[in-house]
Structure formats: structure tokens, C-alpha cells
Amino acid sequence: MRVSHLPRLPLALVGLFFLTSVIAPLPFAVLQPGGGRDVLGAVIEIHGEKTYPSTGKLLLTTVLATSPSSPIFGAEVLYAWMKGDSIVLPRSVLYPPQKSSAQINATNAADMKNSQRVAAAAALAYLGYPVTGHGVTVSIKLKNTGGPSGGLVFALGIIEKLNSEDLLAGRTVAGTGTMDRAGHIGPIGGIDEKLIAARRAGATAFFAPSENCDDVHHIPEGLTVYSVSTLREAVSVLKDVTLAVPHCTWQRNR
């Protein structure tokens, strides 16, 4: 019987490739589901106005991403692919190559602070408070989280605290989305991973930006997704869920 053997050079090159992928950093980053933090607890504090308790939870969901300063190796990439709940992206998609790790972290922190200020302004405007001189001091404290995607949840949390009506009515609701001062909701990244994080944290309903509809590929069992484009739409769904058709369709049926 004749047995054919692969040439030594190709075998050596293949072996060198796998060895290099294990010991040398690769230009990738991993996104995976993070956690869910109830902003109605110690995260949002309001002074100068009466606040009301809620019987539900309002979760800010997060995505864990490879730090811009952390190298990633072949074994980590393979593990992320095998897990099934993570995605592997070119590092340049998440982090501008021309910026240092310190600059990226500073930008994310600034985006988070700005999202908190804008969310407070949008929420107070929705409730009818004057732009200036309203006497309400809103403080949002959230460590180790960056980026602008918490705007919608922060705004809903402020409205829930200042509203005598218990909008959550015992439900655990999560969401994501940027927000401007007029209450418009903008798209974010990592929507599928945030849906997983929300369900793992016990949420049964999730608010997603309408502009992210095409990015939702899998909805965990037990979680209902409502797409919203404004803060007013999100509050209307909380008030009466029968007004909404789940997942990126309800605005078309108004």
C-alpha cells in the first residue's frame, strides 16, 4: 500500500501559523454579554422634588469588550467563537487605530457623562419642568461603564422616580439607546449581546432603538423586544403595552 505524505515545508508553515496565533497578539476584539444594573436603586438620585417608589426594575444592560490596551490571542478568539454568545470583530471596528488606550477610555467616560446630562434634560422636559430654574438636581452614579448608550434607560428611570404612577408595575424591563435633548433615541452597538444580558438579568421586556431593528438577529426566549424611536413612545408602551406590537413593527401600526 502506498502512503502519501505531505511535504515538510507546508506542514512546517501550518505549524508556524498556529504557533504564532497562540503566542502573538491578533488584531481582533471580542464582544460578549455583560450584566444588567437596576438604575432605580442607588444609581439615580433626585433632590429637590418628591420621588415615588417603583415595584419593578429598570435595567441598564452592558456589553463586555476587549480593553483597547489588552492583547488578544488565538486561543481567546477560538473560545469566543465556540461560546456562541460572543462576536469577534477587527479591533479597528471598535477602536480608532490612531487613538491611544487612554484617549479611548477618556472618550467613553465623557460620552457616559454627557448621556447622563442629556437624559436628565430630556426626562425633565417630558415631565413638563421648565428648562431652567426647575429646582431638581439629578445625580447619576455608575462606575466602570462608558459610552452613550444608557441615555434611554437613564431618562426612563428619572421619569419613573418623579411620576406618581408606577409605570413598571412590578415588571423587570431593560433597554438601550442614545438620546438627545428632544427625546429622540439613537442606535447603539452590540444589540444582540445586550438582549442576552437583559434576559440573564431577569428582564422580560426590552426597549431597542428602531434604527437597530436590522441588527437584531436573535431574541432570547422569554424576552419581548419593543422598538422605539422617542422617549414618548417608550413611556407610552410602559403605560399600556397593548398599544405596542413587539419587535420593530409597532410604529407602523399607529
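Guide: Contact here means heavy atoms within 4.5 Å. Keep in mind that this is a predicted model.

Visitor: How far from E193 is the nearest side chain of opposite charge?

Guide: E193 is buried and yet has no salt bridge. A salt bridge would need a side-chain nitrogen of Lys or Arg within 4 Å of a carboxyl oxygen. For E193, the nearest side chain of opposite charge is K194, at 8.9 Å.

Visitor: Why is helix 6 described as largely enclosed by the rest of the structure?

Guide: Look at its residues: I191, D192, E193, K194, L195, I196, A197 and A198 are buried. The cover over them includes strand 1, strand 3, strand 4, strand 6, strand 9 and strand 10. Helix 6 is largely enclosed because its buried residues number 8 of the 10.

Visitor: Which residue with a positive phi follows helix 6?

Guide: Past the helix, the phi to look for is near 100°. The residue that has it is G202.

Visitor: And the largest pocket: which element supplies the largest share of its lining?

Guide: That pocket has a volume of about 1,000 Å³ and is lined by 40 residues, with V63, A65, N108, G146 and G147 nearest its centre. Strand 3 and helix 4 each supply at least two lining residues. The largest share, 9 residues, comes from helix 4.

Terms used. Residues are numbered from 1 along each chain as its sequence is written. This is a predicted model: local features need pLDDT of at least 70, side-chain atom pairs count only at pLDDT 80 or more; totals for chains, interfaces and linings use all residues. Side-chain values use heavy atoms; hydrogens and water are left out. Buried means under 20% relative accessible area, exposed over 50%, partly exposed in between (1.4 Å probe, protein chains only). Lys and Arg count as positive and Asp and Glu as negative; His and the chain ends are not counted. On a 1 Å grid over the protein atoms alone, a cavity is a set of points where a 1.4 Å probe fits but cannot get out, and a pocket is an open set with protein on both sides within 12 Å along at least five of seven lines; lining residues have an atom within 4 Å of a point. Grid points are joined across faces, edges and corners, and a volume is the space filled by probe spheres set on the points. Helices (H or I, at least four residues) and strands (E, at least two) are DSSP runs, numbered from the N terminus.
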